[in-house]
Every structure is written in C-alpha cells, then in structure tokens.
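Work through the exercises below with the sequence and the 3D structure open. Try each task before reading its solution.

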Amino acid sequence: PAEEPHAGGRGDRHQPPGKRGTGSRDKAKLDLPNVFDVREGDWARYGMCRDSSVKVKSTPEAGYDFYVNLDNVHLKTELKTHRQVEPEILESQYRYGMVLLALALLRELADDESGRDKRGLKTHSDVEMVCDALSPFLLPMMSALGQLAA
C-alpha cells in the first residue's frame, strides 16, 4: 500500500563539525584568501628580504591575507633561467604555489586565537619559515612535474 505523506518538522539544520572537532565550519576560512604582491621597495614594510617568500596575516573575518614576495631571489633566478616562458606565467605559478603551500600548512597547524597551534608553535612564523625553505624548489618542481609523460 502507498504510504501517506507526512509533514516533516521544522528542525534547525546543524553544520557538521570541522576536521579537528572545533564545532561548525567557519565560512570565512573557506573563502578565497586575499593575495598581495610585494616588490623589493616594500620589503621593509612587510619585514621581508631577498629570501622571503610569503607573509601570512590573519584577518578579522577569520581568514588570511598573503603577501607574496615577487622579487624573491629564487623567483628571479627562475625568470633568468627560463626566458622562453612569459614572466607573468612564472610569477603566477610562484604566487599561487606559495599561497597553496601556506594554506595547506595553516590548515594542518590549525591555529587558535593566540596565534599558536596546539603544539605551542607560532603558526604564522612557522608557515613562513617552511615556505621560505621550499621556495627554491617550487618552480623547478612544477616544471619537472609538467614534463612527466604517462
């Protein structure tokens, strides 16, 4: 026999807990981050140098701003080495590669309001340190992966 339709109740929809059991997912953390280019003339303003790759700042909306050093010595070396590639392409690869790397590290460390993760690390400065260490390898690795054949 056919079932009689029944009206569902007006229940509130609950968001599933986040990966680390921190409660509801925060929409702002899922938004695209703000990415700003930094050139050599602005290094002092952002506390950067020739080896700096990215600086991370938390925003009031619980998101992040990323300041990417496009005059990084390793990016400049790649630009000189690969003159056949448009500089804008290499800069974009570097910019978004660094941002994705920093986002992955931030997600793994999952900082709290104090800027320290549950292991007591200084989240933003540790992310910046790892990004600086990987900066010389980012573009060569992307190039090598792009040349792989199945």
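**Exercise 1: the surroundings of N72**

Not counting residues up to four places away in sequence, N72 touches R50, D51, S52, S53, Y94 and S135, where contact means heavy atoms within 4.5 Å. The model is predicted, so local features need pLDDT of at least 70 and side-chain atom pairs count only at pLDDT 80 or more, while totals for chains, interfaces and linings use all residues. Residues are numbered from 1 along each chain as its sequence is written, and side-chain values use heavy atoms, with hydrogens and water left out.

Solution. 
1. N72 sits in the loop between β3 (64–69) and α3. Helices (H or I, at least four residues) and strands (E, at least two) are DSSP runs, numbered from the N terminus.
2. The side chain of N72 reaches the backbone oxygen of D51 at 3.4 Å. A side-chain oxygen of N72 also comes to within 2.6 Å of the backbone nitrogen of H74, at the start of α3.
3. A polar contact is a pair of N or O atoms within 3.5 Å; within protein, one must be able to donate a hydrogen and the other to accept it, and residues adjacent in sequence count only if both atoms are side-chain atoms.
4. N72 and P136 are 64 residues apart along the chain, and their C-alpha atoms are separated by 9.4 Å.

**Exercise 2: S52**

Task: which residues is S52 in contact with, leaving aside its neighbours within four places in sequence?

Solution. 
1. Start with the position: S52 lies in the loop between α2 (43–46) and β2 (54–58).
2. S52 is buried, because its relative accessible area is 6%.
3. The contacts of S52 are G47, N69, N72, Y94 and D132.
4. The side chain of S52 reaches the backbone nitrogen of C49 at 2.9 Å.

**Exercise 3: α3 against α5**

Task: at what angle do α3 and α5 pack, and which residues make the contact?

Solution. 
1. Helix α3 (residues 73–81) and α5 pack at about 30°, and their axes are 8 Å apart. Axes are lines fitted to C-alpha atoms, for helices over the stretch in contact, and angles run from 0 to 180 degrees between N-to-C directions.
2. This angle makes α3 roughly parallel to α5, since angles under 35 degrees count as roughly parallel, over 145 as roughly antiparallel, 65 to 115 as roughly perpendicular and the rest as oblique.
3. H74, L75 and E78 of α3 meet S135, P136, L139 and P140 of α5.
4. In α3, V73, L75 and E78 are buried. The buried residues of α3 pack against α4 (87–109) and α5.

**Exercise 4: H124**

Task: is H124 buried or exposed, and what does its side chain contact?

Solution. 
1. H124 lies in helix α5 (residues 123–146).
2. H124 counts as buried because its relative accessibility is 17%.
3. The side chain of H124 makes a polar contact with the side chain of S58, at 3.2 Å.

Technical notes. Buried < 20%, exposed > 50% of the residue type's maximum accessible area, 1.4 Å probe, protein only.
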